[in-house]
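Here are my notes on the model, as numbered points. Please read them with the structure open.

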Amino acid sequence: MSTHVGLPGPSRARIGRSAAGAARRLDRTLIGAVLALCVIGSLLVWSATLPGDGSGPLEATGHVRRHLAHLAVAWVLCLAVASVDYRSVRAYAHLVYGATVIALILVLTPLGAVINGSRGWIVIGGFQFQPSELAKVGLVLMLATLLGEPRDGETKPMTRDVLYALLVLALPLTLVLLQPDLGTTLVFGVIFLGVLTMSGAPIVWVAGMLACGVAAGFAVWWFDLLEPYQLDRLATLVDPAADPQGAGYNSAQALIAVGSGGFDGTGLFQGEQTHGRFVPEQHTDFIFTVAGEELGFVGAGAMVALFTVVFWRILRIAQGCDQPYPRLLCVGVAAWFAFQSFINIGMGLGIVPVTGLPLPFVSYGGTAIVANLVALGLVLAVSSRDRGFE
Amino acid sequence: MRRPPVDPSQPGRKLGTTGIVLVQILVVALFALLGVRLWYLQVPRGEHYRELAVSNHHQRLVVPATRGQILDARGRPLVSNRTELVVSADYHELTGMDDGGEAVLSDLSEVLDVPLEELQQRMRLCGPDVQRPCWPGSPYQPVTLAEGVDAPVALHIMERADEFPGITAQAHAIREYPGGALAGQVLGYLQPVTQEELEAREDLRTQFTGIDHVGRDGLEKVYDSRLRGTAGLRTLGVNNHGQVMEVISDRPPEPGMHLVTHLDLEVQRIAEEALARGMAAARPRYKADAGAAVVLDVRTGGVVALASVPTYDPSVWQGGIDQETFDEMLSEEAGEPLLSRAIQGQYPPGSTFKVSSLSAAAENGYSLRSTYACPGSVNIGGQSFSNYAGQGHGSITLHRAIVVSCNTVFYNFGYQMWLSDGGLHPEGEPEEAMANMARGYGFGSPTGIDLPYETSGRIPDREWKRTFWEATRETNCHRAEHGYPDVAETDPSHAAYLKRLAHEHCVEGFEWRAGEAVNFAIGQGDVLVSPLQLANAYAAIANGGTRYEPRVGKAFISADGSVVEEIEPVVAGRLPVSDETLSYLQAALTEVPKAGTASGAFGGFPQDRVSIAGKTGSADVVGRQVSSWFASYAPADDPQFAIVVLVSQGGTGGATAAPIAREIYEGIYGFSGEGAEEADAEDAEDDDGGRTEPALPGGAPWEGLPTVRPDGSIDLLDR
């Protein structure tokens, strides 16, 4: 279990002397909770990717090795970002945002690769990554910069800022919709709404945008903008058992996996649903079902609690900020994590339509892990330097 | 020690916290919701999902048990098993495809070299509007598309499972009938399990193999659960691709037990052939449209042979019968070959019934030592009842009355007993001596044979008449009033007669009239018996009065021979006659084939070696030709077999039925045909001392059972 955690030993050395003081003031509760989620996630990825035929039960799989490598890289980046003065990052916001938008455009060129029906990947050599995950970081940074630092001496963002922010949202949103990746599109929307709501922008805009968000959801439903399979997924949410081999299959199998775990679970590596691979994508989108089956209410409930702790801490940090920029940074990250976690877990529990979104810090997937921990690094950077609440 | 903000244009301003707090509350609330939902799924509903999980990854594989064979008394197979490659389709998977499975079926039609239309027809579920070929089973079973597929073709389909979704090819045990149509109606047949049967029968539901068939008629139906055995159950742990990960439990199948019957393959063959030949000989003078022959073991009630003509080959049922064959089998032109005349046919028994009437007389005060007048005809109630061909015999004993089959003696008995019961208007409870004696012989109710759909025949009496009258009164009274205008158009006098008749039936149809009692005494009128009932009655006369429930099944032997369960004879009752009457009757019957109505048929039969006792019968039904009966047993001095032959619309008993019975006796004892029927001169064996290989050496039914060895092979019983 020591492979992927570089703290406090080696990482501190890398952070360097200038950051040593800041590192001491890192939010330990937040780091502890995320770390715990990462550990649990590694075990779940391991269990979920054991060979389905029951051979070699405890040999570490290629997936878990890569997962640990991703985590190691991501944690290094996290702590590196945490040690940087978040105010200096602001200068690079346009750069990061611009780079991710370019990457999203490249995805649509022949450089992009289609995986699971969505053109969301760039493959270069043996290396593949998902620009839409990185775009979440870019969007948070860009929006916080834009709405957290109104121009011309205004204390709050005015209509012009909001319009500009909308443009900033629209660009990656459109590109992601073209992939198509409905889940990420929704995450972008929620990040925007979260940041806008907390930015102090004119109430008309806030209320209008919130209404637009809700209306967009309905529009998508009514105007049949969804792919047929997405409609099916929505429909089967009402009664997953109605068509267990059809669109409701994933949902029904997920419920069986989670429900059969009972109070204390079947034990790690012991889940029969998991090992029979009845739930698809169980190391990524449906990883929570592995937790539900193998760790039971005790383990899965603990994960829900850990997530709550993570968002609570991030929001507390935001609350303590006396500047809008760092606060909006934290709010953006919190909205992103909370929405994505809620959708992912809710999907496993059959209360949210099946949408392809990974569970932050837990699901297998290098780009997502890196993006999550870099975002966490931003929050930690804020917490170490702007702890007004203390 | 916070440093000042980087941007000096932004003075530190206190930010509001209300919004953030609200967001915190929102997030905590949402995740609390997830926690509650998690709790609900895992704790109160946990058991439910655990059950679902088990059914999810436990695949129950039912391993069908080999169905037991049906053997004759020596151990020769009447029904055995053969393995065949069968191609079948998953009904729901195919019909669920966008094109209704047409693409798959058309690929399949090329591989199987069967027209696409035929495959599509076979995929349809049978129903009132769906003509065969169609699938008579449940849609949850694989639908059989082709049987007897060549191995390379089956292999081709199995290897390319992805090209043929929903299609499987597998080995499948099917029934084989080594004797062809032999004993077809007795053996019965198998058909796919229907949805209703699945719902009704627990034993089928729990061991449903998907390719299961169930016995629909005959022995296959009656002994279905014993023949079926117990299917094995292998529970496999599987993953989502159906790949087997482990064997969780394994219970091997228990093969069904072999059913050893009392039937003898040879005697059955002889009986069917003799019947068919005798019926052909009766034509074209007579229609001879149907016939039956019954051979019983008089000591146990065992059924040695049970023949019914027309017959059919039960293998037509396999692989989904086509509509043409099905219709033909049910059609009247084909003579309804599914119907076993021996147990389901009912006919007036004619003079063969006189054994019952004689018993009734003897047990009701008519002395066996007296003589009785046998005029050519008698006049009773203003109606004349005559002997066959109107011949009189003077004053004769009852013995002689049986031998020459004098009707008038029995007419008088019938009339007198009717009178002593009070005639048309009995006071108090009538004795119904004739009818009660008939019931004592087992007539009027099923014999209890181990075959389905047995008829009970009919023994009419005053009570029956009243019930019948009540049931038909309305129609008759309507006709009595309105007549028969449709008949009147072509035949006014007949219509007038019918109207009178209807009026009579309407007004006094409940009356048990003298004429009916008189006809009853010679087995005519409303009396109906099945050939089996008659054979069983004669078997009881032969064995000294014990009436058994006939049994086709003799024993069950397990597939490895380790368990043998005999089916014990069941006594249904005793004939309600004294020993004196019985021996008197036996003596009279013994003379019939020597000096009586059957002497012609048995001319030249070596009665010194095997003495036959029997009685002819020629029964009239209005509008039909006379039906030919011969009821008998042998040897008269040490009875072993009772044989009854019936040919519907076949002429007199002595002319048609008795020669058939003779042929069966000859086959059993190995006498060659001579005398009554000119032997084929070319048959070399026949010239040699009048003896051929006897079907039953020793002239008795097989004792004991064949041996089934542990390896499953069967040692035939031999003498």
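**Notes on the two chains**

1. Start with burial in chain B. Of its 719 residues, 45% count as buried. A buried residue has 20 or more other C-beta atoms within 10 Å of its own; an exposed one has 12 or fewer, a partly exposed one falls in between, and C-beta atoms are placed from the backbone. This is a predicted model: local features need pLDDT of at least 70, side-chain atom pairs count only at pLDDT 80 or more, and totals for chains, interfaces and linings use all residues. Residues are numbered from 1 along each chain as its sequence is written, while chains are lettered from A and ligands numbered from 1 in the order in which they are written.

2. Chain B has 25 helices and 25 strands. These are DSSP runs numbered from the N terminus: H or I of at least four residues for helices, E of at least two for strands. Among chain B contacts between residues at least 6 apart in sequence, 72% join residues at least 24 apart. Contact here means C-beta atoms, placed from the backbone, within 7 Å.

3. One sheet in chain B deserves a look. Its five strands run in the order E12-E11-E23-E22-E21, the sheet is open, and the pairing is antiparallel. Strands pair if DSSP finds at least two bridges between them. E12 (302-309) and E21 of chain B are the edge strands, each pairing on one side only. From one strand to the next, the twist averages 5 degrees.

4. E21(B) pairs with E22(B) (627-634) in the antiparallel sense over seven bridges. B:Gly614 has B:Ser632 of E22(B) as its bridge partner. E22(B) and E23(B) (641-648) are also antiparallel, over seven bridges. There, B:Trp629 stands opposite B:Leu646 in E23(B).

5. Helix H12(B) (265-282) lies across E11(B) (290-297), E12(B) and E23(B), running at about 35 degrees to E12(B). Axes are lines fitted to C-alpha atoms, for helices over the stretch in contact, and angles run from 0 to 180 degrees between N-to-C directions.

6. Now the interface. The contact takes 46 residues from chain A and 40 residues from chain B. H14(A) (287-320) is among the helices that supply at least two residues each to the chain A side. H14(A) gives the most to that side, with 13 residues. By class, the chain A side has 21 nonpolar, 18 polar and seven charged residues. Ala, Val, Leu, Ile, Met, Phe, Trp, Tyr, Cys and Pro count as nonpolar, Asp, Glu, Lys and Arg as charged, and the others, Gly among them, as polar.

7. Within chain A, the axes of H7(A) (131-148) and H15(A) (324-348) come within 8 Å and cross at roughly 145 degrees. The residues of this contact divide into 10 nonpolar, three polar and one charged.

8. Last, confidence. Chain A averages a pLDDT of 82, and 81% of the residues score at least 70. pLDDT is the predictor's confidence in each residue, from 0 to 100. Over residues 1-20 of chain A, pLDDT is below 50. Residues 241-245 of chain A also stay under 50.

How values were computed:
Two residues are in contact if their C-beta atoms, placed from the backbone, lie within 7 Å.
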